[in-house]
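Colleague: I would like to go through this model term by term. Please set each label against its cut-off.

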Amino acid sequence: MARKQFDLIVFDWDGTLMDSTAVIINCIQAAAKDLGLPIPADQAAAHVIGLSLQKAMETALPGIDPKYYPRMVERYRYHYLNQDGGLTLFKGVREMLEDLSQQGYFLAVATGKSRVGLNRALDGTKLLSLFDATRCADETFSKPHPAMLQELTRELGQDMKRTVMIGDTTHDLLLAQNAGAAGVAVHYGAHTPAELTALNPMYAATSVAELHTWLNENG
């Protein structure tokens, strides 16, 4: 058998493994409404998914008094915690991760979620045991800074050139580029196919099943 192209596969969480894009957009908009601030359009709210919460609020609502950003984060968390229990994984995610783990890949998560948020999600989905390492936005620099991938490869003793980052946003693909890893896009999450294609990912999947097949054939 030919040697695999990658040893470490790193996944974004929201919009890549978890079907949470619509809920996140709604929570950002509800937080702004709570504080009497301009309500971001769906596209503007979707664009910040994947960033750390503080950076996301600053990007979604530029030009407002900075004192509102911590309050936006607080209100966002309130709304999200009231809804995230109903969130589900995209169809085929569990089977894909179990298969890749059995094949001997190292699996990791690099996410804009907080550590508390990711732990809650991993516990709720019972996926914790499948990942060898995870990195959250409140532990290091936010995407697209390369730190998440640098820290994950260092922790797991892996080569960046044999690492692939998979995500639904331009933040994920830029993270991969900035770190010197391969980047793969999924077209069923927060950012549009056109935005993702502009960054020249090595592959773009339109479904989890398509991503799973590609990783089995090309990973």
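Modeller: Start with K126, which is found in the loop between α6 (115-125) and β3. Helices (H or I, at least four residues) and strands (E, at least two) are DSSP runs, numbered from the N terminus. This is a predicted model: local features need pLDDT of at least 70, side-chain atom pairs count only at pLDDT 80 or more, and totals for chains, interfaces and linings use all residues. Residues are numbered from 1 along each chain as its sequence is written, and side-chain values use heavy atoms, with hydrogens and water left out.

Colleague: Why is K126 called exposed?

Modeller: Its relative accessible area is 61%. Exposed means over 50%, buried under 20%, and partly exposed in between (1.4 Å probe, protein chains only). Therefore K126 counts as exposed. Its phi is near 60°, a positive value in a residue other than glycine.

Colleague: What makes N200 exposed?

Modeller: A relative accessible area of 66%, which is over 50%. N200 lies in the loop between α9 and β6. Its phi is also positive, about 55°, although N200 is not a glycine.

Colleague: Where is the cis peptide bond?

Modeller: It joins K143 and P144, with omega about 5°. P144 sits in the loop between β3 (133-136) and α7 (147-156).

Colleague: How many aromatic pairs does the structure hold?

Modeller: There are 3. Rings of Phe, Tyr and Trp (its six-membered ring) pair if their centres lie within 6.5 Å; planes under 30 degrees apart count as stacked, over 60 as edge-to-face and the rest as tilted. One of the pairs is F90 with Y188: 4.7 Å centre to centre, 65° between the planes. An angle of 65° is over 60, so this pair is edge-to-face. F90 is in the loop between α4 (68-81) and α5 (93-102), and Y188 in the loop between β5 (182-186) and α9 (193-197), 98 residues apart. Both F90 and Y188 are buried.

Colleague: Why is the pair of Y203 and W214 called stacked?

Modeller: The planes are 5° apart and the centres 4.9 Å apart. That is under 30 degrees and within 6.5 Å, so the pair is stacked. Y203 is in strand β6 (residues 203-205) and W214 in helix α10 (residues 208-218).

Colleague: What makes a nonpolar core?

Modeller: Buried Ala, Val, Leu, Ile, Met, Phe, Trp, Tyr and Cys residues, joined through side-chain atoms within 4.5 Å. The largest has 59 residues; I9, F11, W13, L97, F131, I166 and L211 touch the most other members. Helix α1 (residues 21-34) gives the largest share, 7 residues.

Colleague: Which residues line the largest pocket?

Modeller: There are 22, and the closest to its centre are L53, Y76, Y80, K113 and S114. The largest share of the lining, 4 residues, comes from α4. On a 1 Å grid over the protein atoms alone, a pocket is an open set of points where a 1.4 Å probe fits, with protein on both sides within 12 Å along at least five of seven lines; lining residues have an atom within 4 Å of a point.
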